[in-house]
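Please read the following briefing alongside the sequence and the model, with attention to the criteria behind each term.

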Amino acid sequence: MYISNLTSARYAELSGKIDTVVIPVGSLEAHGMHCPLGTDNIIPERMCADLEAEIGDEILIAPILNYGYTPSLAKFPGTITLPAETLISLYSEIACGFVRWGAKYIVFMNGHGGNIASLTLASDMVAAQGGTVLTLSWWATFASDILKICSTQGHAGEDETSAVLAIDASLVDDSKRGVHMKKAFCLPLSGPGQVEQRYPDAMNGDSTKATKEKGEKLYAMLLEKNIQFIHRLRSGNHTDPIA
Ligand SMILES: [Zn+2]
């Protein structure tokens with residue numbers, strides 16, 4: 001159920017029965033020259049809409065937090081970055097607010113890599129207030145399943161562009177699709193010139209391989225996985241591996 005659509009009285013009634021709140025989080029930032037600035041928002045919103053259709057009576061869905069931490073792409077028009085400290089406060093205060101209203105489980109449905117560090121710190125703060133938090137960053141959490149559908153991954157690359165195409169193909173400028181396979185060294189790395197090398201056109205990966213069909217397969221897989229992970233979260237078994 002979408003929390004925004006509920007009256008306060010109905011929320012009070014449901015929050016006594018539904019123990020899980022899903023909070024989508026994203027970013028407004030350049031995604032290559034071909035994908036929309038809101039890519040990291042529309043993908044988690046789509047995943048939430050799919051969850052609503054399938055298990056809407058088991059979860060409460062909060063409004064999206066649609067700005068994130070993205071200093072690496074700040075030079076590209078339309079990118080807005082918030083300080084990490086601001087995001088840690090927003091994520092933790094909002095999640096703790098739902099915990100105070102009765103939620104036991106919080107799921108951050110994350111669309112943007114730059115948010116992960118802030119989500120980790122915020123989650124520890126929510127845990128200290130009694131909430132249990134799961135962060136699902138689709139391209140990372142389910143990378144091995146994505147690579148059964150797409151041959152490559154990347155920011156505005158094959159997987160992400162396919163995910164946008166499946167929502168609305170008119171949002172992608174096909175004439176501007178690009179390829180840039182240089183990614184970060186496989187160890188955590190920051191340094192002068194790194195961003196320019198990794199995201200010369202605000203992207204990496206191979207967006208020329210993206211298709212609407214791959215995007216539709218991605219959402220079918222992600223729905224199944226998201227439900228599996230949310231059910232596992234609520235089962236209390238948080239240590240056994242998920243197949
Ligand atoms: Zn993205």
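Helices (H or I, at least four residues) and strands (E, at least two) are DSSP runs, numbered from the N terminus. This is a predicted model, in which local features need pLDDT of at least 70 and side-chain atom pairs count only at pLDDT 80 or more, whereas totals for chains, interfaces and linings use all residues. Residues are numbered from 1 along each chain as its sequence is written, and side-chain values use heavy atoms, with hydrogens and water left out.

**Zinc site**

- The zinc ion has as its protein donors His31 (NE2), Asp40 (OD) and Glu160 (OE), which lie 1.9 to 2.1 Å from it; donors are N, O and S atoms within 2.8 Å of the metal (3.2 Å for Na, K and Ca), and water is not among the atoms, so sites may look incomplete.
- Along the sequence, the spacing of these donor residues is H-x8-D-x119-E.
- His31 counts as buried because its relative accessibility is 0%, and Asp40 is likewise buried at 1%; buried means under 20% relative accessible area, exposed over 50%, and partly exposed in between (1.4 Å probe, protein chains only).

**Helix α3**

- The 17 residues of helix α3 (residues 84-100) should span 24 Å at 1.5 Å a residue, and the end C-alpha atoms are 24 Å apart, which agrees; the expected span is 1.5 Å times one less than the number of residues.
- Among the buried residues of α3 are Leu87, Ile88, Tyr91 and Phe98.
- The buried residues of α3 pack against α1 (8-15), β1 (20-25), β3 (105-110) and α4 (116-128), where contact means heavy atoms within 4.5 Å.
- Gly102, which follows α3, has a positive phi near 115°.

**Salt bridges**

- The structure holds 12 salt bridges, each defined as a side-chain nitrogen of Lys or Arg within 4 Å of a carboxyl oxygen of Asp or Glu.
- Lys225 forms a salt bridge with Asp145, with the closest N and O atoms 3.9 Å apart, and this pair links distant parts of the chain, since Lys225 is in helix α9 (residues 212-235) and Asp145 in helix α6, 80 residues apart.
- Lys225 is buried, with a relative accessible area of 12%, and Asp145 counts as buried at 14% relative accessibility.
- Arg46 pairs with Asp50 at 3.1 Å between the closest N and O atoms; both residues lie in helix α2 (residues 39-55), 4 residues apart, about one turn of the helix.
- Arg46 is partly exposed, with a relative accessible area of 24%, while Asp50 is buried, with 17%.
- Glu216 forms a salt bridge with Lys212, the closest N and O atoms being 3.5 Å apart, and the two are separated by about one helical turn because they are 4 residues apart in helix α9.
- Arg10, Glu13 and Lys17 are linked in a network of salt bridges.

**Contacts around Leu165**

- Leu165, in helix α7 (residues 158-167), counts as buried at 4% relative accessibility.
- Not counting residues up to four places away in sequence, Leu165 touches Val172, Arg177, Ala210, Thr211 and Lys212.
- The C-alpha atoms of Leu165 and Glu216 are separated by 8.6 Å, although the residues are 51 apart along the chain.

**Surface patch**

- Phe185, Leu187 and Leu189 form a nonpolar surface patch with about 300 Å² of accessible area together, and Leu187 is found in the loop between β5 (179-180) and α8 (194-198).
- Patches are made of residues with over 30% relative accessible area and no salt bridge, like charges being joined within 9 Å and nonpolar side chains (Val, Leu, Ile, Met, Phe, Trp, Tyr) within 5 Å.
- Accessible areas come from the Shrake-Rupley method with a 1.4 Å probe, and for residues only the protein chains shown count as cover.
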